[in-house]
Amino acid sequence: MADKGKIKEYAGPAAGWGALKSVTKSWLGSEKPVKNLRAMLKTNQNSGFDCPGCAWGESPEKGLVKFCENGAKAVNWESTGRYVGPRFFAEHSVSQLARQSDYWLEYQGRLTHPMRYDANSDHYVETTWDEAFALIAEHLQRLDSPDQAEFYTSGRASNEAAFLYQLFVRAFGTNNFPDCSNMCHEASGIGMTDTIGVGKGTVVFDDLEKADAIFVIGQNPGTNHPRMLEPLREAVERGAQVVCFNPLKERGLERFQHPQHPFEMLSNGSEPTNTAYFRPALGGDMAVMRGIAKFLLQWEREAQQAGQPAVFDHAFIEEHTVGLDDYLAEVDATSWDQIVEQSGLSLSDIQLAADMYRRAERVIMCWAMGVTQHRHSVPTVQEIANLMLLRGNVGKPGAGLSPVRGHSNVQGDRTMGIDEQPPAWLLDALEQRFTFKVPRQHGHNTVRAIQAMEDQYAKVFIGLGGNFVQATPDTPRTHEAMRKCDLTVHISTKLNRSHLVTGKEALILPCLGRTEVDMQAEGPQGVTVEDTFSMVHISYGQLPPGSEHLRSEPAIIAGMAKATLGNLPIDWDDVIAHYDRIRDLIADTIPGFADFNAKLQHPGGFHLGNAASERRWHTESGKAQFKPCALPTHLINEGVTARGDKPDLILQTMRSHDQYNTTLYGLDDRYRGVFGLREVIFVNEEEIRRLGFAPGDKVDLVSLWDDGRERRVSGFMLVAYDIPAGQAAAYYPETNPLVPLDSYGERTFTPTSKFIAIKLEKAQEDSTIPSAAL
């Protein structure tokens, strides 16, 4: 595959003609172009369906088109005219399919029938829904403990599906909810809850139009949530500062061509999306924020001595915060030498960023995986919050904290109770509303679930969406753990790698996609999602189901629950007949959802509310809390330094532009100039030559850790790229085998996928199997 690819610099802006060309190719390739075009025009519209891609929210005004390039690809990828049914599985054994790439597997099309793995023939064979539910119930009921089952959730599951799932699982008796949140924004939830009492962003869409400065930290909107580019561009146009921190120069953070501006398209013009671009070291964001705080403290003292206006917002600090003195003592104790060395920025760069922050009256700080997938991610999030509290930038219009979520309902799933460490109020509410004793012990997160399967304690794995074995770290180790299960179950729309890593028995249960009409006993149903701004809105599928055998995610969950528990703690068939009844149960138990069904009648949905945005602090002190944390002594984990090896490079994993999480829409990364291949590693050209290689050479990437396991991916092409010295970047899931299962964030268990110590070796001659097929 790599030999057919090419590296060619892309000179165009983000979006614009390049996006239209790519969307058209995707649209025609779906084999249902007319139906899909009609459906796409209903994306994110009132009475339409919510984009199955990212969780970025919508501007409240009406518009003709409310989808981006990646959203259009998500629709076309889901609503394909290609199908994977019993005939396909009769022609392909699991072993044969396992040799194909991830892209090839999903490209085959939509799953159409419930399938059961037959180990004797190594083929999936057709089964019925009743037989599938009975098999699941049999395995669950014979476990020695409910804690021997793992119940995974993808961030695309609706609120209705997530609520029923957690209700079923807790009625079964466990809090084992490994989910995609464990691998992304866990640090945001923990760090913000510690400081402001709320684990969600305090910003709504309108705040972006009022901000004097928007800081974008460890985030690549152009690929991951392209609809964010428009408000960034508009901020620059009105004179606001857009300050970016990202080691790579990402096209979406440089310039943007608006596809709905005719003159701009005809003139092939574009507009900038930043006013300053800083390129810190991987893991250096906390040091950058500490440096900004240190400059603010210096200027505050100078202002006091000169009798000038204060830099800090003392009225806010006195009324709304505690812990300032301890925090400032920590800032004083942090040396400039440590800040500069760890941040990777010059002192003048940090001073410039600090001055841009000081001059802005209203500031929003956004961040994503570049902040949260490190060992010290919680202190980094807390340092961002500390910096915002110094100038009162929480709880006022045009300002606030904004962790930008990934999948379209990853935030809503947590709101609905998909949480292995559930808060006491949730368990109390469930116990009060329903007639069963709720389990109180903490359950397994993603890392703990893999370890439990590895130890053969966990015997059943059920995945509600996603591609667990490819999304998780230490890929061969995760595959080996999954194969030790007695039963693996995957609720999915399309074939993926996880279906081929089976337990002793395995099921594939095909479900409706977001784009498809969900017809139940009392008529077509809508499902709800919560976006990154805590807006809740309803989604109605527009296309006929790809197969008459598909069931909705809520119906599949109800089927499993009824087979396992009977009609306890609810009448499962009754709530599936009309989803208003599910929403009534949510209204009874989850704060903010009173009159749920009535609120959904408002076009665009409703805002859940956020106590911190109203300056109400649900913390132990009842106030926002400054959190003093020392910078890490070393960024490189002791698991690496214990070997005595010095890494050649620090690697971050990332998406390509034709990708959403583990779903590959194609093999191009247009903005980075990579076409037709994925086994590439981006490295500074001077670094490539320093290490004894040349651009275009093939290398093996070897991860450094101290547990005696070899972690290697083979046959990667070296691509000379504008990236800081000492760093490298490559795509996941191909490089997930390099992430040690035991390398995770403190308090979060989030894999450190943005900081992997590696060595480069000349590619082994016998490296013929692409890493995508591991």
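## Terms and model

Two strands pair if DSSP finds at least two bridges between them. Helices (H or I, at least four residues) and strands (E, at least two) are DSSP runs, numbered from the N terminus.

The model is predicted: local features need pLDDT of at least 70, side-chain atom pairs count only at pLDDT 80 or more, and totals for chains, interfaces and linings use all residues. Residues are numbered from 1 along each chain as its sequence is written, and side-chain values use heavy atoms, with hydrogens and water left out.

## Strand β14 and its partners

In β15, S402 is the bridge partner of C366. Strand β15 (residues 400-403) runs parallel to β14, and 4 bridges join them. Strand β8 (residues 213-217) also pairs with β14 in the parallel sense, over 5 bridges. Here W367 in β14 stands opposite I217.

## A positive patch

On the surface, K6, K8, K21 and K25 gather in a patch of positive charge.

K25 lies in helix α1 (residues 16-29). K25 counts as exposed (over 50%) because its relative accessibility is 62%.

## The loop at G692

G692 is found in the loop between α31 (685-690) and β31 (698-703). Its relative accessibility is 63%, so G692 counts as exposed. The C-alpha atoms of G692 and E761 are separated by 9.8 Å, while the two residues are 69 residues apart along the chain.

Technical notes. Patches are made of residues with over 30% relative accessible area and no salt bridge: like charges are joined within 9 Å, nonpolar side chains (Val, Leu, Ile, Met, Phe, Trp, Tyr) within 5 Å. Accessible areas come from the Shrake-Rupley method with a 1.4 Å probe; for residues, only the protein chains shown count as cover. A salt bridge is a side-chain nitrogen of Lys or Arg within 4 Å of a carboxyl oxygen of Asp or Glu. Lys and Arg count as positive and Asp and Glu as negative; His and the chain ends are not counted. The place of a charge is taken as NZ of Lys, CZ of Arg, CG of Asp or CD of Glu. Buried means under 20% relative accessible area, exposed over 50%, partly exposed in between (1.4 Å probe, protein chains only).
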